[in-house]
Amino acid sequence: MIENLIKNELKTYYPEMIKLRRYMHMHPEVSFNEKNTAEFIKNYLLEIGIKDIKTNVGLHGIVARIKGQDSTKTIAFRADFDALSINDMKDTEYKSTVPNVMHACGHDGHTTALLATCKVLMDNLDKLPHDVVAIFQYGEEQAPGGAKPMIDAGCLDNVDAIFGAHLWTPLPLGTLGYSYNELCAAADRFEVKISSKENANLIAAEFVSMTQQIVSRFSKPRETLVITLGKLESTCNEASITGTIRHFDKELHKLVLDKIQKLCLSLEDENTETKIDFIYYGGYPPLINHKKGTEELLSYVPKILPQLNLKEVEPLMIGEDFAYYLENVPGAFFLIGAGNDTFAKYPHHHPNFDFEEEVMKHTASIFLSLAFNSNKVITNLKEEQ
Ligand SMILES: [Zn+2]
Ligand SMILES: [Zn+2]
């Protein structure tokens, strides 16, 4: 039985996984600067015998192809590997060695799970029906992100299905969070720059209160829309406000963006030389799962991880650039519980963030189940299209 093989292989391999994760955890690199991490991943893939490895895909992306018995079809898995500009406040032997840089989102765990997946596949190529593409992605945390440039560089060429996961401390270890539809909101960033002969602070305050009115007027309960205003910097005659718009609905988003731009124009005033620049940085589209992708995923979980609780989750108000892969190829993204009541109780991006390392085994188990059953998975996903 393939389930027993996966279980045994990962059990043997688990101490190595811990080592890999902790090494990456101690040597984090922020988005778009992940050169050494990329090198580390590439060297590991070479070490386990993978021949077809593309490096510098997009920028620091790595795409490895593992040949199955029949290369006419391909299933892909993605792991991100960037860290954040946060100072690691944990008290552990594997805490970050780099001041103000930390794996505070668990991407070190994602990468380890995918490396372990590759290792087990390489040791069992005779049982692998089709090719597997492992996508190691840089720059997830910061729009415009690494996914789009990697897709533009061809990482999804000849890929028939794709799956990805985010380990998630708000869910306890032993839980899998799924959605048949939207899982993450679209999140985009903007900046408003105000200059005026009048008090720029007052104009900024006006802008803030008016945007909240826009939200309450246009957000129906089902179409959740949130505008978060972040940094407000001001001197007497100048002010700058940064903000994020999170939503699940493209039409609503267009409408709100338009309203904010109009609001900026309405606050301009020739008499007081009040000028307002609206700078739009864009962001990730909403992450929408393929229903069949989630169904396929869920059909293998009880076989490989019978102890796992399956929980349908409300969409998250965070952006995730896995959205781009799902705009191109059918598949699904899921959350996998990594929290506990002690050291792993902190939310993502918290300076005390840590996770239950067992979650890496769960993630790899699911990826491996999908890979060893890719003939059925790909056929079933094709049917939906
Ligand atoms: Zn994050
Ligand atoms: Zn993340």
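How many bridges join strand 3 (residues 70–80) to strand 4, and in which sense do the two strands run? Strand 3 and strand 4 are joined by 8 bridges and run parallel. The model shown is predicted; local features need pLDDT of at least 70, side-chain atom pairs count only at pLDDT 80 or more, and totals for chains, interfaces and linings use all residues. Residues are numbered from 1 along each chain as its sequence is written, and chains are lettered from A and ligands numbered from 1 in the order in which they are written.

View 1. Strands (E, at least two residues) and helices (H or I, at least four) are DSSP runs, numbered from the N terminus; two strands pair if DSSP finds at least two bridges between them.

**View 2. Strand 3 and its pairing partners.** Phe77 has Ala134 of strand 4 as its bridge partner. From strand 3 the chain passes through helix 3 (residues 107–122) to strand 4, a β-α-β crossover that is right-handed: with the strands pointing away from the viewer, the path from the first strand over the helix to the second runs clockwise. Strand 3 also pairs with strand 5 in the parallel sense, over 4 bridges; Arg78 has Gly164 of strand 5 as its bridge partner.

**View 3. Strand 5 beside strand 14.** Strand 5 (residues 161–172) and strand 14 (residues 331–339) run parallel and are joined by 8 bridges. Ile162 has Gly331 of strand 14 as its bridge partner.

**View 4. Glu140 and the loop around it.** Glu140 is placed in the loop between strand 4 (130–137) and helix 4 (147–152). Glu140 is buried, because 24 other C-beta atoms lie within 10 Å; the class requires 20 or more, whereas exposed residues have 12 or fewer and partly exposed ones fall in between, with C-beta atoms placed from the backbone. Beyond its neighbours within four places in sequence, Glu140 is in contact (C-beta atoms within 7 Å) with Asp80, Asp82, His107, Gly145, Gly146 and Asp321. Phe322 is 182 residues from Glu140 in sequence, yet their C-alpha atoms are 8.5 Å apart in space. Pro144 is found in this loop between strand 4 and helix 4, and the peptide bond from Ala143 to Pro144 is cis, with omega near 10°.

**View 5. Two asparagines with positive phi.** Asn56, in strand 1, has phi near 50°, a positive value in a residue other than glycine. Asn56 counts as partly exposed because it has 13 C-beta neighbours inside 10 Å. Asn158, in the loop between helix 4 and strand 5, has a positive phi of about 65°; Asn158 is partly exposed, with 13 other C-beta atoms within 10 Å.

Methods: Two residues are in contact if their C-beta atoms, placed from the backbone, lie within 7 Å.
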